Amino acid sequence: MILIVDDKQENLFSLKTLLQIHGFEADTAVSGEEALRKILKTEYELIILDVQMPDMDGFEVAEAVSGSSKFREIPILFLSAVSIDKRFIMKGYQSGGVDYVTKPFDPDLLLLKVKTFCRLYQQSKLLNDAQATLEHKVEERTKELVRINNELELRNAELQQYAFIASHDLQEPLRKIQTFTRLVKEQVSDRPESVQYLERIINASGRMRDLIDDLLNYSRLSALPVFSEIDLNMVLNDTIADLEVLITEKGATIHKDDLVHAEVNPGQMRQLFQNLLTNALKFSNPGTPPVISIRSQLVNSLSFDAVPIQNGEYVKLTIEDNGIGFDEQYLGKIFTIFQRLHTKDQYAGTGIGLAIVKKIVEKHNGIITATSDEGKGSAFIIIIPLVQQKINSELAENI
């Protein structure tokens with residue numbers, strides 16, 4: 001439907017007839033006020049608008065139409081025999097017109113313009129409809145994702161609660177098994193074979209308790225961490241103090257750089273340091289005192305190739321030891337839960353420690369890797385942001 005606006009009936013009749021002969025539907029209005037009333041009620045693909053009209057001229061009508069968010073997409077074609085001066089043509093474009101045709105006009109050229117503008121309007125409308133549909137679908141999908149996320153958070157909270165309860169309920173009978181087994185062991189101390197079996201029970205229940213503790217720690221990491229700016233030196237020193245007995249037993253030496261302040265979850269970072277230091281102490285070369293180095297550098301990129309600089313946005317931590325190391329072809333395996341490179345008889349453990357470390361690093365929007373030389377030691381490299389922000393494109397590419 002095309003709306004023709006002109007205060008002269010003969011102009012309306014001739015132009016309407018021309019359009020209808022060529023298959024266009026046409027409507028007419030004899031004033032700007034009537035045109036605006038019709039635009040409110042009917043959808044038009046094009047408005048052919050005369051400039052010189054009493055009360056409300058064509059420029060005012062065009063400004064009213066183009067100023068409305070609902071109707072501004074309707075193309076306006078000015079058609080005038082009087083206002084043909086350059087300044088009127090410029091004003092026509094400025095008021096929202098897409099073209100300005102002066103009389104007398106070529107009918108074929110006018111029809112070509114009409115076809116073009118109608119087709120452009122239809123294409124624009126299809127695009128707008130598609131965009132509206134897409135926005136509606138995005139809104140619906142967003143609502144669905146929010147609902148799913150809320151449901152997952154609720155289930156996660158229930159799972160954590162279950163893990164705590166299960167941990168407590170499993171730990172209690174294990175404590176009793178260990179306690180009463182030790183009592184029985186004292187009663188049969190003169191029977192070496194029985195003592196040997198009882199020690200196996202005590203050791204097995206101890207490994208079970210360790211496994212439950214590690215699983216509980218791993219499940220806790222499902223919750224969103226609360227970050228605060230803290231001195232990493234304080235976290236590391238507290239961890240070393242907690243491991244003092246084991247460090248002394250192993251005769252280990254620890255060298256450490258001065259660390260930085262960073263936005264972290266203190267509890268999780270303490271667990272990270274504890275797991276990596278315990279690993280370095282556990283997997284030491286027999287007869288060789290462990291030497292552990294903790295190095296810190298500022299870098300400006302979330303990349304293992306980042307060059308250290310004075311004022312970076314990330315901190316790169318390297319925990320290096322002189323232990324037994326591992327074959328680097330198994331690098332992906334060591335960070336997977338329950339994956340072990342050595343038997344339990346060789347080295348005690350649950351196979352969860354490094355999986356916990358990796359999850360902590362990811363919770364801190366960072367990355368982790370390791371290098372190793374079998375028989376000579378390993379180095380675990382961690383990069384985390386100094387200030388926690390939303391994951392950026394660089395992070396998405398590296399994780």
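1. Strand β7 runs parallel to β9 (residues 291–299), with four bridges joining them; His255 has Ser293 as its bridge partner in β9. Strands pair if DSSP finds at least two bridges between them, and strands (E, at least two residues) and helices (H or I, at least four) are DSSP runs numbered from the N terminus.

2. A word on provenance: this is a predicted model, where local features need pLDDT of at least 70 and side-chain atom pairs count only at pLDDT 80 or more, while totals for chains, interfaces and linings use all residues. Numbering starts from 1 along each chain as its sequence is written, and side-chain values use heavy atoms, without hydrogens and water.

3. The open sheet has five strands in the order β7-β9-β10-β12-β11, with mixed pairing. β7 (253–256) and β11 (367–373) each have a single partner strand, so one side of each lacks a neighbour in the sheet.

4. Now to the second largest pocket, lined by 16 residues, with Glu43, Lys70, Phe71, Tyr121 and Lys125 nearest its centre. A pocket here is an open set of points on a 1 Å grid over the protein atoms alone where a 1.4 Å probe fits, with protein on both sides within 12 Å along at least five of seven lines; lining residues have an atom within 4 Å of a point. Helix α5 gives the most to this lining, five residues.

5. Lys125 sits in helix α5. Its C-alpha atom is 9.5 Å from that of Glu45, 80 residues away along the chain.
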